[in-house]
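Look over the structure, then read on.

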Amino acid sequence: MYIEPAAFRAPSAESLAASETTTQIWTQCLPSPLFAGKKAPLKNFEEIQPLIQQGRKRELKLIIRENSWPINSPVRASLWPALCRQHQHGKSMLDGFYWDMVTQVFGTVELPDKPIMLPPFVEATHCLGYHLTRKGRAVADRVVSVLGYACPDITYSPSLYPITAALLHFMPEEECYHCMASLVASKEKMFITQTKLLNEVTWKTVMQIAKKHASAAQHLSRLSGAIGPERIYADWQWWILAALPFPHLVRVLDCFFHEGIKVFYRVALAILILFHKHTTNQNSEWYAEATKNGVDHAIDKFCRNMPVSPTKLLRTAFTIRALSSQYISRVFIKTEMTLKSKQVITGSRLVRSRSSDNLPTSQSQVNIQMMSHTLTIRESPRSSHMAMWFPFPNAVFQDRHQASDLRQKLFTLWSWLPVRITMYQPVLLYTTEEHGCSLTTFYVRVEHHEPTLLMIKTCNNEVFGAYCSTRWFERNQKDERGNRQAYFGTGETFLFSLYPERAKYPWVGCAADGRSDEKLSHGSELFMAADSKMITIGGGDGQAIWMDENIRYGKTDRCSTFNNPPLCPSGDFEIRVLEVYGFAGA
């Protein structure tokens, strides 16, 4: 193990010999076994590994939830890296890659004597080390710094450092880096937020689901008084990462590394439920603490002195009903879309939400220019490609005003995309001009890309399209009964019109007032559908965009999913050109 035993210091272990193992240190510092009572023998890694290799995720999830390994169990040295590797995106890293990065960043693999300057996305007040020694902290600093160098898109990620420090208790430095890189790059599940916007979305998501799934939320609102519940929920992740005793945190992380951030959501609700239980009696210690020092301090102190075992905490979290991953995802996406579109008028100034993540970054502007360049340089036999998309008095695009108008339209379209997508370079995947008018060819070139941007120009010069959040390959997926799914996609999908009108039509679930408890009809969640004969975007009382198998004719109607008007006046249209863009690296 690269981190020597001395790199791990438990709260009262100063007298322990530097040669003792990490396991011995924790054995002496913490009660063992942690959980009393007769139970089935705990699983070892050799019993779990086949489930990981065979992708039996549900069985694996239940085993991890049920096996309350003590803090000193050696299973995590193998289990945690294996769980994290499940989520890696793209090819696995070559041996020695991390040390090459360390040498590139620091010039040597030796730990520096002076403190390492951490990336700006780290929150200095929450660089939690969980009793690592000075050397252990230096290693954590180095891992986080290399991550910052390798992942320049991370702009704000306060939870990244604590999770890195927790990993270092159970594995060497290089393995820790590979685990963190896998979590950061994960596409299927979210583990670590990487922007201020998404950090804000997480606590507002907790607040929304708490209102529906924990009666304790009302109790919390009453106790919060003048400071308001928003202040309380803004610290939700620190209830877990900063306040829970380390044995509780480690058991939460066991589940987190497999299931993602939804585990944190459930544990946060469990904390609220337990806090409510212990503060309903006005004579209780915790009620007195909340009224005297404020509910925010009371919850923090409650977590530090958690009155239930790690097993009971997780049992409370995982027995909350009607809290599926799909529901959490819908609330999260709706909250994200609401925050991005929220604008507050202050006098004559237009002020956006407190996050600056909606503002075009330098990388975004480069990507817009690249897309503009793509639309400009490719010429059809009769006219320039740019002129083909946006009609002007002259057939060939010539003056600066016209070029400026196109860029403005592209900037507008870019501003409508999810913030994380604007960091990637657009790539032309399919165009009817070069690849022909065939739905089969469309699928071959497009179906495995996520997300995609469809742009249609009709023979009457209307320009409109859709941002499609999910792979078109999902049309082949089957439900639990073996039936092919008719519709797929998420609430990030939206419609747009660029010419003659410029407008965006988001999912109706993204209400401007931010309410998420509103019941939505089935017709309001029909995002994308496709088969060998057609493509459809939007449904319910009509189809927003429908195209035939020859990608020649289409129709557009108002639909319940986006509450849009027909995207062209006649409703029916003939396709002059269809282009589909992907995003390199997304």
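## Ring pairs

Trp 80 and Phe 170 are both buried. This is a predicted model. The ring centres of Trp 80 and Phe 170 lie 4.8 Å apart, with planes at 65°. Planes over 60 degrees apart count as edge-to-face, so this pair is edge-to-face. Trp 80 belongs to helix H4, while Phe 170 sits in the loop between H7 and H8.

Tyr 98 and Tyr 177 form a tilted pair: 4.8 Å centre to centre, 35° between the planes. Tyr 98 is in helix H5 (residues 97-106) and Tyr 177 in helix H8, so parts 79 residues apart in sequence are tied together. Both tyrosines, Tyr 98 and Tyr 177, are buried.

The count comes to 20 aromatic pairs. Ring pairs join Trp 80, Phe 170, Phe 191, Phe 256, Phe 257 and Phe 264 into a cluster.

## Charges over rings

The charged end of Lys 196 sits over the ring of Tyr 156, 5.6 Å from its centre. Lys 555 lies over the face of Trp 546, at 5.8 Å from the ring centre.

## Helix H4

H4 spans residues 76-85 and is mostly covered, with 7 of its 10 residues buried. Among them are Arg 76, Leu 79 and Trp 80. The cover includes helices H2, H3, H7, H8 and H13.

## Confidence

Mean pLDDT for the chain is 78, and 75% of residues reach 70 or more. Residues 1-37 have pLDDT below 50. Residues 512-517 stay under 50. Where pLDDT is low, predicted coordinates should not be read in detail.

Technical notes. Residues numbered from 1 in each chain as written. Predicted model: local features only at pLDDT ≥ 70, side-chain atom pairs only at ≥ 80, totals over all residues. Heavy atoms only, no water. Buried < 20%, exposed > 50% of the residue type's maximum accessible area, 1.4 Å probe, protein only. Helix = DSSP H or I, 4+ residues; strand = E, 2+ residues; numbered from the N terminus. Contact = heavy atoms within 4.5 Å. pLDDT = per-residue confidence, 0-100. Phe/Tyr/Trp six-rings, centres within 6.5 Å; stacked < 30°, edge-to-face > 60°. Lys NZ or Arg CZ within 6 Å of the ring centre and 35° of its normal.
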